[in-house]
Amino acid sequence: MSLSDTHKSILNSEPFIPEVVTDVFRDQNPAAYWIGIVAMPESVIEPEIFTAARIQRARVYIDKYKYLPKSARQADGGESDSDDSRSVHFVVIEKNEPASKVVGTSRLITKDNGDKPLPIEHFFPEAFIKNDAGVGSAEASRFIAQHPNKLTQHTISLSLIRAMASLAYSTERQPVFAIIEPHLARLFNNVGLPFEQIAETKKIKTYDDT
C-alpha cells in the first residue's frame with residue numbers, strides 16, 4: 001500500500017513523525033536532510049533508525065489512516081510484517097536537536113524465491129494469470145511521507161521514489177510493482193515517472209477496504 005498526503009490538507013503531522021538520536025549527520029554538517037538504506041534482506045544496518053521508521057509506519061497505518069488494526073502494533077511501538085525480512089528499507093531524516101525526525105520511509109520487497117509471491121500477486125491475482133511477477137522483480141511498499149510543510153512533504157515523497165527507482169535500476173531488479181491509490185498515479189504522471197496499470201482499481205480488505 002502506498003501513501004502520500006500531498007493531495008490532502010495537513011492538520012498536524014507531528015504525531016506521526018518519530019524522533020531518533022543518530023549520528024548520520026556527523027560528517028554532513030551542512031545537510032538538513034539525510035536519506036539512506038537502513039535495512040537489507042536479513043540485515044539491519046541502522047537499528048535505531050529502522051525501529052523509528054517502523055514506529056512511523058504504525059502511527060500512520062494504524063492511528064492516522066486505520067489501514068491496519070491496533071493489534072498490528074508490536075511491543076516496541078512499531079509495525080512489521082513477514083515481508084520486512086526480504087526488503088530494502090529507505091528512510092528520510094530531518095536534522096534536529098537534540099533528536100532528529102523521521103519524515104519518510106519506504107521499502108522495496110524483493111522476490112528472489114519463485115515459491116513466495118509478492119503481496120501484489122496475492123491482492124491482484126487477476127493481473128498474473130498468464131505469468132507471475134518473476135524472480136528478480138520487486139514491489140514498492142510502505143511508502144510514507146510526513147511533514148508539516150506541504151511542499152517539503154512532496155519533496156520527501158519524490159526523494160523516496162527516486163531512491164527506490166535508482167536502486168532497482170542499478171541492481172537490475174525489474175519490473176517494480178506497486179499497489180497505489182489514484183492520487184499517487186497522478187503524481188507519477190506529473191513527475192514523468194513511466195508506469196503501466198495492470199489491473200482495475202478495487203478495494204483491499206486487508207487495508208480496511210482502501
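Which residues does Thr 110 touch, not counting residues up to four places away in sequence? In this predicted model, Thr 110 touches Pro 41, Arg 86, Leu 118, Ser 137, Ala 138 and Arg 173 under that condition. Thr 110 is found in strand E5 and has a relative accessibility of 5%. Because buried means under 20% relative accessible area, Thr 110 counts as buried.

The side chains of Arg 86 and Asp 83 meet in a salt bridge, with an N to O distance of 2.9 Å. Both Arg 86 and Asp 83 are buried.

Arg 107 forms a salt bridge with Asp 84, and the closest N and O atoms of the pair are 2.6 Å apart. Arg 107 lies in strand E5 (residues 100-110), whereas Asp 84 lies in the loop between helix H1 (47-64) and strand E4 (87-94), so the pair ties together parts that are 23 residues apart in sequence. Arg 107 is buried, with a relative accessible area of 1%. Asp 84, at 7% relative accessibility, likewise counts as buried.

Glu 126 and Lys 202 form another salt bridge, in which the closest N and O atoms are 3.2 Å apart. This pair links distant parts of the chain, 76 residues apart. Glu 126 is in the loop between helix H2 (119-123) and strand E6 (138-145), and Lys 202 is in the segment after helix H4 (182-191). Glu 126 is partly exposed, with a relative accessible area of 39%. Lys 202 is also partly exposed, its relative accessible area being 34%.

Salt bridges that share partners join Arg 57, Glu 79, Asp 81, Asp 84, Arg 107 and Arg 142 into one network. Arg 107 and Asp 84, the pair at 2.6 Å, are among the members of this network. In total, the structure holds 15 salt bridges. Side chains of opposite charge can pair when their charged atoms come close.

Conventions. Residues numbered from 1 in each chain as written. Predicted model: local features only at pLDDT ≥ 70, side-chain atom pairs only at ≥ 80, totals over all residues. Heavy atoms only, no water. Salt bridge = Lys/Arg side-chain N within 4 Å of Asp/Glu carboxyl O. Buried < 20%, exposed > 50% of the residue type's maximum accessible area, 1.4 Å probe, protein only. Helix = DSSP H or I, 4+ residues; strand = E, 2+ residues; numbered from the N terminus. Contact = heavy atoms within 4.5 Å.
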